[in-house]
Amino acid sequence: MQLIFILEQALNGLLIGVYYLLIALGLSLIFSLGGIVNLAHGAFYAIGAYLAVMLTDRIGFVGSFIAAPVLVGISAL
């Protein structure tokens with residue numbers, strides 16, 4: 001039973017790593033083709049994630065899913 005659990009956890013870790021790899025490759029492809037070299041994008045993603053987490057308690061998941069990008073976009077102006 002322990003061996004199966006260890007194998008399941010190893011496969012889950014590899015699967016999550018592949019997800020992160022696909023996200024990173026997609027973002028690097030989008031930004032490199034667009035000619036964008038801006039380190040502030042990561043900061044805006046972090047602010048959006050933080051706002052989404054903080055707003056979820058107050059306006060729910062769907063509301064924070066919509067409001068967080070709008071608020072980050074307004075703050076970027």
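The protein chain exposes about 6,500 Å², of which carbon and sulfur atoms supply 78%; accessible areas were computed by the Shrake-Rupley method with a 1.4 Å probe, and for residues only the protein chains shown count as cover. The structure is a predicted model, in which local features require pLDDT of at least 70 and side-chain atom pairs count only at pLDDT 80 or more, whereas totals for chains, interfaces and linings use all residues. Residues are numbered from 1 along each chain as its sequence is written, and side-chain values use heavy atoms, with hydrogens and water left out.

The protein chain contains 2 helices and 0 strands; helices (H or I, at least four residues) and strands (E, at least two) are DSSP runs numbered from the N terminus. The radius of gyration of the protein chain is 17 Å, well over the 11 Å given by the globule rule for 77 residues, so the chain is more spread out than a compact globule. Here the radius is taken over C-alpha atoms, and the globule rule is 2.2 Å times the number of residues to the power 0.38. The C-alpha trace spans about 55 × 40 × 15 Å along its principal axes. Of the 77 residues, 6% count as buried, a class defined by under 20% relative accessible area, with exposed meaning over 50% and partly exposed in between (1.4 Å probe, protein chains only).

A nonpolar surface patch of about 730 Å² is formed by Leu15, Ile16, Tyr19, Tyr20, Ile23, Leu27 and Tyr45. Patches consist of residues with over 30% relative accessible area and no salt bridge, like charges being joined within 9 Å and nonpolar side chains (Val, Leu, Ile, Met, Phe, Trp, Tyr) within 5 Å. A salt bridge is a side-chain nitrogen of Lys or Arg within 4 Å of a carboxyl oxygen of Asp or Glu. Helix α1 (residues 2-33) gives the most to this patch, with 6 residues. Ile16, a patch member, is located in helix α1 and is partly exposed, with a relative accessible area of 44%.

Ser64 lies in helix α2 (residues 40-76) and is buried, at a relative accessible area of 2%. Leaving aside neighbours within four places in sequence, Ser64 is in contact (heavy atoms within 4.5 Å) with Ala52, Leu55, Thr56, Ile59 and Pro69. A polar atom of the Ser64 side chain is placed 2.9 Å from the backbone oxygen of Phe61.

Thr56 also belongs to helix α2, but is partly exposed, with a relative accessible area of 29%. Residues up to four places away in sequence not being counted, Thr56 touches Phe61 and Ser64. The backbone oxygen of Ala52 lies 2.5 Å from a polar atom of the Thr56 side chain. Thr56 and Leu14 are 42 residues apart in sequence, and their C-alpha atoms are 29 Å apart in space.

Two further positions in helix α2 were examined. Leu71, found in this helix, counts as partly exposed at 39% relative accessibility. Not counting residues up to four places away in sequence, Leu71 touches Leu51 and Leu55. Tyr50 and Pro69 are 19 residues apart in sequence and 11 Å apart in space, C-alpha to C-alpha.

Terms used. Polar contact = N/O pair within 3.5 Å; in protein donor to acceptor, adjacent residues only side chain to side chain.
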